[in-house]
Amino acid sequence: MGDRYNIHSQLEHLQSKYIGTGHADTTKFEWLVNQHRDSFASYMGHFDLLNFFAISENEAKARVRFNLMEKMLQPCGPPPEKPED
């Protein structure tokens with residue numbers, strides 16, 4: 001029983017420390033938005049990936065970086081309507 005409580009408290013600690021790990025009330029939409037934003041940030045942070053995208057799209061690196069930044073605003077479209085209680 002003690003191990004189960006310890007694992008649960010570790011999970012809660014990770015979820016409070018890192019946004020991308022979610023929590024019990026995280027919706028599917030919020031989780032997908034976090035995943036997309038993390039991916040775009042990784043693409044911009046890795047210079048070789050940015051070069052690859054620029055060459056494959058035949059665009060300047062600055063334009064590719066700008067497009068990735070714009071996609072981070074609403075990567076999965078507008079949020080779904082929340083039901084009123």
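How many helices and strands does the secondary structure of the protein come to? The predicted model has four helices and zero strands.

**Figure 1. Overall fold of the predicted model.** Read from the N terminus, the elements of the protein follow the order α-α-α-α. The protein is more spread out than a compact globule, because its radius of gyration is 18 Å, well over the 12 Å that the globule rule gives for 85 residues. Along the principal axes, the C-alpha atoms fill a box of roughly 55 × 35 × 15 Å. Among contacts with a separation of 6 or more, 49% are between residues 24 or more positions apart.

Figure 2. Of the 85 residues, 12% count as buried. The side chains include 9 positive and 12 negative ones. The centres of these two sets of charges are 7 Å apart.

**Figure 3. The largest nonpolar core.** Seven residues make up the largest nonpolar core of the protein: Phe40, Met44, Leu50, Phe53, Ala54, Val64 and Leu68. At least two residues of this core come from each of α2 (28-45), α3 (47-57) and α4 (61-71). Helix α3 gives the largest share, with three residues. In soluble globular proteins, nonpolar side chains tend to be buried together.

Figure 4. Leu50 is placed in helix α3 and is a member of the largest nonpolar core. Leu50 counts as buried because its relative accessibility is 0%, and the cut-off for buried is under 20%. With residues up to four places away in sequence not counted, Leu50 touches Tyr43, Lys61, Val64, Arg65 and Leu68.

**Figure 5. Close-up of Leu68.** Leu68 is also listed in the largest nonpolar core. Apart from its neighbours within four places in sequence, Leu68 is in contact with Phe40, Tyr43, Met44 and Leu50.

Definitions and conventions
Residues numbered from 1 in each chain as written. Predicted model: local features only at pLDDT ≥ 70, side-chain atom pairs only at ≥ 80, totals over all residues. Heavy atoms only, no water. Rg over C-alpha atoms; globule rule 2.2 N^0.38 Å. Buried < 20%, exposed > 50% of the residue type's maximum accessible area, 1.4 Å probe, protein only. Contact = heavy atoms within 4.5 Å. Lys, Arg positive; Asp, Glu negative; His and termini not counted. Charge placed at Lys NZ, Arg CZ, Asp CG, Glu CD. Core = buried A, V, L, I, M, F, W, Y, C linked by side-chain atoms within 4.5 Å.
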